[in-house]
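Visitor: I would like to learn how to read a helical model, one feature at a time. Could we begin with how packed helices are described?

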Amino acid sequence: MTDKPETDFAGKMAYGDYLRLDLILGAQQPRSAAHDELLFIIQHQTSELWMKLAVHELESACDAIADNRLPHAFKMLARVSRILEQLNNAWDVLRTLTPSEYTEFREDLGQSSGFQSHQYRAIEFLCGNRNAAMLKPHAHRPEIVGELRAILARPSLYDEAVRLLARSGFDVGGERSDLSEPRAKNPKVQAAWCAVYRAPEQHWALYELAEKLVDLEDYFRRWRFNHVTTVERVIGLKRGTGGTGGVSYLRKMLEVELFPELWHVRTEL
């Protein structure tokens, strides 16, 4: 018996065929002659691919929590945290881009900006940071607006976690009437999480879910922080290409809490 690799792929499924590499590797089309524009494009394209997977996992995690399939949800949420870690590591590569190098092709970006990433918006909406006004940057793409509206119409990841608290016998108050609106901080929800953390052995599944959510937001906060520092390193305090304040806008985003009661409960324990 010989151990020879396959070398004849006529009429067969090859590696590049399965991954559709012709499409992927042909998608980098720099608009300038600048050497470093390819880095910029690949950084953002690969980030969008990881975000596509994060959206897939978050939607499935929401379904799993709603169906009380918590071990499945835990696996998916752990994967999302690893995806966010991967996105964090990508900033290290982009930080090799100097201000001098970026200015060589910045004008070729036009008004395009990461602020307009609909997949990033989907991640925020799925986690619970909801603001229907953020649909406006996508108004020129009705199909994308439809996808985002569908996410806003369903309970978020944190909504599903709070519903699970209610199914487990905790008083979390009534649900808001419009799921597309942001959740207000709820002292009853915080009291419920406090009870979980004070008796983890009694509420182990909820305790583990809480920690999976905190892990996820921890990595998400790091991603935002690395975004701010990378942008400041490359463009300083200039306005962003998409019209935002650049660093000043991104710093405000650092204050957003996805799962507020899970962070605030720590002060009580």
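Guide: Gladly. Axes are lines fitted to C-alpha atoms, for helices over the stretch in contact, and angles run from 0 to 180 degrees between N-to-C directions. Two packed helices are described by the angle between their axes and the distance between the axes. Helices themselves are DSSP runs (H or I, at least four residues), as strands are (E, at least two), numbered from the N terminus. Here, helix 10 and helix 12 pack at an angle of about 105°, with their axes 9 Å apart. That makes helix 10 roughly perpendicular to helix 12, given that angles under 35 degrees count as roughly parallel, over 145 as roughly antiparallel, 65 to 115 as roughly perpendicular and the rest as oblique.

Visitor: Before we go on, what kind of model is this, and how are residues numbered?

Guide: This is a predicted model, in which local features need pLDDT of at least 70 and side-chain atom pairs count only at pLDDT 80 or more, while totals for chains, interfaces and linings use all residues. Residues are numbered from 1 along each chain as its sequence is written, and side-chain values use heavy atoms, with hydrogens and water left out.

Visitor: Which residues make the contact of helix 10 and helix 12?

Guide: Contact means heavy atoms within 4.5 Å. Helix 10 brings Ala210, Glu211, Leu213, Val214, Glu217, Asp218 and Arg221, and helix 12 brings Leu262, Trp263 and Arg266. By class, the residues of this contact are five nonpolar, no polar and five charged. For these classes, Ala, Val, Leu, Ile, Met, Phe, Trp, Tyr, Cys and Pro count as nonpolar, Asp, Glu, Lys and Arg as charged, and the others, Gly among them, as polar.

Visitor: How do helix 8 and helix 10 cross?

Guide: Their axes come within 11 Å and cross at roughly 165°, which makes helix 8 roughly antiparallel to helix 10. The contact is made by Leu157, Tyr158, Ala161, Leu164 and Leu165 of helix 8 and by Leu206, Leu209, Leu213 and Leu216 of helix 10. This contact has nine nonpolar, no polar and no charged residues.

Visitor: Which helices are roughly parallel?

Guide: Take helix 6 and helix 7: their axes come within 9 Å and cross at roughly 10°. That makes helix 6 roughly parallel to helix 7. His118, Arg121, Ala122, Phe125 and Leu126 in helix 6 meet Ile144, Glu147, Leu148, Ile151 and Leu152 in helix 7. The contact divides into seven nonpolar, one polar and two charged residues.

Visitor: How should I read the largest nonpolar core?

Guide: A nonpolar core is a set of buried Ala, Val, Leu, Ile, Met, Phe, Trp, Tyr and Cys residues joined through side-chain atoms within 4.5 Å. The largest one has 69 residues, and Leu157 and Trp193 have the most contacts inside it. Helix 10 gives the largest share of this core, 13 residues. Leaving aside neighbours within four places in sequence, Leu157 is in contact with residues including Leu58, Ala61, Leu77, Leu126, Leu213 and Phe259.

Visitor: What about the backbone: where is phi positive?

Guide: Most residues other than glycine have a negative phi. Arg20 has a positive phi near 55°, and Asn68 has one of about 60°. Arg20 is found in the loop between helix 1 (15-19) and helix 2 (21-25), and counts as exposed at 55% relative accessibility. Asn68 is in the loop between helix 3 (37-66) and helix 4 (70-94), and counts as partly exposed at 48%.

Visitor: And how many helices and strands are there in the protein?

Guide: The protein has 12 helices and zero strands. Buried residues make up 42% of its 269 residues, and its C-alpha trace spans about 65 × 60 × 35 Å along the principal axes.

Definitions and conventions: Buried < 20%, exposed > 50% of the residue type's maximum accessible area, 1.4 Å probe, protein only.
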